[in-house]
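Some words used for protein structures rest on a cut-off or a rule.

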Amino acid sequence: MEKVSYVKCPRCSGQYYIERSDYVGKPEAPCQCPFCGHQFQAREGDPRPALV
């Protein structure tokens, strides 16, 4: 299993990675974009690979 998933900020389109262990099974968990500061649910960032 991958250790990270890449998400894309729905506001600024900045792409960054999140630690999968913090989000697997919790796609509604909050993410905060390191580029623009926007907060969104992990699933809104279209995580790759998916957080299942």
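The questions and answers that follow concern this structure, which is a predicted model.

Q: What makes up the chain, and in which order do the elements run?
A: The chain has one helix and four strands. From the N terminus on, the order is β-β-α-β-β.

Q: Why is the chain called as compact as a globular protein of its length?
A: The radius of gyration is 10 Å, and the globule rule gives 10 Å for 52 residues. The two values are close, so the chain is as compact as a globular protein of that length. Along the principal axes, the C-alpha trace spans about 30 × 15 × 15 Å.

Q: How much of the chain is buried, and what does its accessible surface come to?
A: Buried residues make up 33% of the 52 residues, where buried means under 20% relative accessible area. The accessible surface comes to about 3500 Å², and 49% of that belongs to carbon and sulfur atoms.

Q: What share of the contacts with a separation of 6 or more joins residues 24 or more positions apart?
A: That share is 41%.

Q: How far apart are the mean positions of the positive and negative charges?
A: The chain has 7 positive and 6 negative charges, and their mean positions are 2 Å apart.

Q: How many aromatic pairs does the structure hold, and how is such a pair described?
A: The structure holds two aromatic pairs. A pair of aromatic rings is described by the distance of the centres and the angle of the planes.

Q: Why is the pair of Tyr 6 and Tyr 17 called edge-to-face?
A: Rings pair if their centres lie within 6.5 Å, and planes over 60 degrees apart count as edge-to-face. The centres of Tyr 6 and Tyr 17 are 6.2 Å apart and the planes stand at 65°, so this pair is edge-to-face. The pair links distant parts of the chain, since Tyr 6 is in strand S1 (residues 4–8) and Tyr 17 is in strand S2 (residues 15–19), eleven residues apart.

Q: Why are Tyr 6 and Tyr 17 both called partly exposed?
A: Partly exposed covers the range between the 20% cut-off for buried and the 50% cut-off for exposed. Tyr 6 has a relative accessible area of 40%, so Tyr 6 is partly exposed. Tyr 17 has 48%, so the term applies to Tyr 17 as well.

Q: What makes Tyr 16 and Phe 35 an edge-to-face pair?
A: Their ring centres are 6.5 Å apart and their planes stand at 75°, so the pair is edge-to-face. Tyr 16 lies in strand S2, and Phe 35 lies in the loop between strand S3 (30–32) and strand S4 (39–41), so the pair ties together parts that are 19 residues apart in sequence.

Q: Are Tyr 16 and Phe 35 buried or exposed, and how do you know?
A: Tyr 16 has a relative accessible area of 11%, so Tyr 16 is buried. Phe 35 has a relative accessible area of 55%, so Phe 35 is exposed. The cut-offs are under 20% for buried and over 50% for exposed.

Q: Where does Pro 10 lie, and which residues is Pro 10 in contact with?
A: Pro 10 lies in the loop between S1 and S2. Leaving aside neighbours within four places in sequence, Pro 10 is in contact with His 38, Phe 40 and Glu 44. The C-alpha atoms of Pro 10 and Gly 45 are separated by 6.2 Å, although the two residues are 35 residues apart along the chain. Pro 10 has 46% relative accessibility, so Pro 10 counts as partly exposed.

Q: Which peptide bond is cis?
A: The bond that joins Arg 48 and Pro 49 is cis, with omega about -10°. Pro 49 is in the segment after S4.

Q: What is noted about phi in Ser 13 and Asp 46?
A: Ser 13 is not a glycine, yet its phi is positive, about 70°. Asp 46 is also a residue other than glycine, and its phi is positive, near 50°. Ser 13 is in the loop between S1 and S2, while Asp 46 is in the segment after S4.

Q: Why does Glu 19 count as partly exposed, and what does Glu 19 touch?
A: Glu 19, found in strand S2, has a relative accessible area of 36%, so Glu 19 is partly exposed. Not counting residues up to four places away in sequence, Glu 19 touches Lys 3 and Val 4.

Methods
Residues are numbered from 1 along each chain as its sequence is written. This is a predicted model: local features need pLDDT of at least 70, side-chain atom pairs count only at pLDDT 80 or more; totals for chains, interfaces and linings use all residues. Side-chain values use heavy atoms; hydrogens and water are left out. Helices (H or I, at least four residues) and strands (E, at least two) are DSSP runs, numbered from the N terminus. The radius of gyration is taken over C-alpha atoms; the globule rule is 2.2 Å times the number of residues to the power 0.38. Buried means under 20% relative accessible area, exposed over 50%, partly exposed in between (1.4 Å probe, protein chains only). Contact means heavy atoms within 4.5 Å. Accessible areas come from the Shrake-Rupley method with a 1.4 Å probe; for residues, only the protein chains shown count as cover. Lys and Arg count as positive and Asp and Glu as negative; His and the chain ends are not counted. The place of a charge is taken as NZ of Lys, CZ of Arg, CG of Asp or CD of Glu. Rings of Phe, Tyr and Trp (its six-membered ring) pair if their centres lie within 6.5 Å; planes under 30 degrees apart count as stacked, over 60 as edge-to-face and the rest as tilted.
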